[in-house]
Amino acid sequence: MSADLAEHGYGEGLRRRLRRRLVLAAVAVGVAMASAGALWWAQKLMTADLPPGEAPLLRADGRPFKIRPQDRGGMAVPNVDRLIYEPGAAKNTVEHLLPPPEEPLPPSA
């Protein structure tokens, strides 16, 4: 069989590819086993203090959700007293966003 493979040019290259695939498969199996072991170990740590056959009970934290800060000073925010949109201020002023229009040239003779 190997003589037939070598005769058609598949000898050493095919062996390298098969060896590489076997190594990759072995690494994948090893990673899967390590992950499964880590998950099993973490599950054992979380359920170590429970009696056998009892599901873990998750409870909410007993602390209040929101509490007032002890220092109620806070940060000074500039321009708190200004409004972004003041309808009364815009009635008497005209905004000039563009330059004035150009004067037309006199007609040529």
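Helix α2 contains Arg16; helices here are DSSP runs of H or I with at least four residues, strands are E runs of at least two, and both are numbered from the N terminus. This is a predicted model, in which local features need pLDDT of at least 70 and side-chain atom pairs pLDDT 80 or more, while totals for chains, interfaces and linings use all residues. Residues are numbered from 1 along each chain as its sequence is written, and side-chain values use heavy atoms, without hydrogens and water.

Arg16 has a relative accessible area of 48% and is therefore partly exposed (buried is under 20%, exposed over 50%, partly exposed in between, with a 1.4 Å probe and protein chains only). Together with Arg17, Arg19, Arg20 and Arg21, Arg16 forms a surface patch of positive charge. Patch residues have over 30% relative accessible area and no salt bridge; like charges are joined within 9 Å, and nonpolar side chains (Val, Leu, Ile, Met, Phe, Trp, Tyr) within 5 Å.

## Nonpolar patch

Helix α2 spans residues 11-46 and includes Val23. Val23 is partly exposed because its relative accessibility is 48%. Val23, Val27 and Val31 make up a nonpolar surface patch with about 250 Å² of accessible area together (Shrake-Rupley method, 1.4 Å probe).

## Salt bridge

The whole structure has 1 salt bridge, defined as a side-chain nitrogen of Lys or Arg within 4 Å of a carboxyl oxygen of Asp or Glu. The bridge joins Arg63 and Asp61 at 2.6 Å, N to O. Arg63 is exposed, at 63% relative accessible area.

## Whole chain

The chain has 2 helices and 0 strands. Of its 109 residues, 1% are buried. Its accessible surface is about 11,700 Å², with 62% belonging to carbon and sulfur atoms.

Definitions and conventions
Lys, Arg positive; Asp, Glu negative; His and termini not counted. Charge placed at Lys NZ, Arg CZ, Asp CG, Glu CD.
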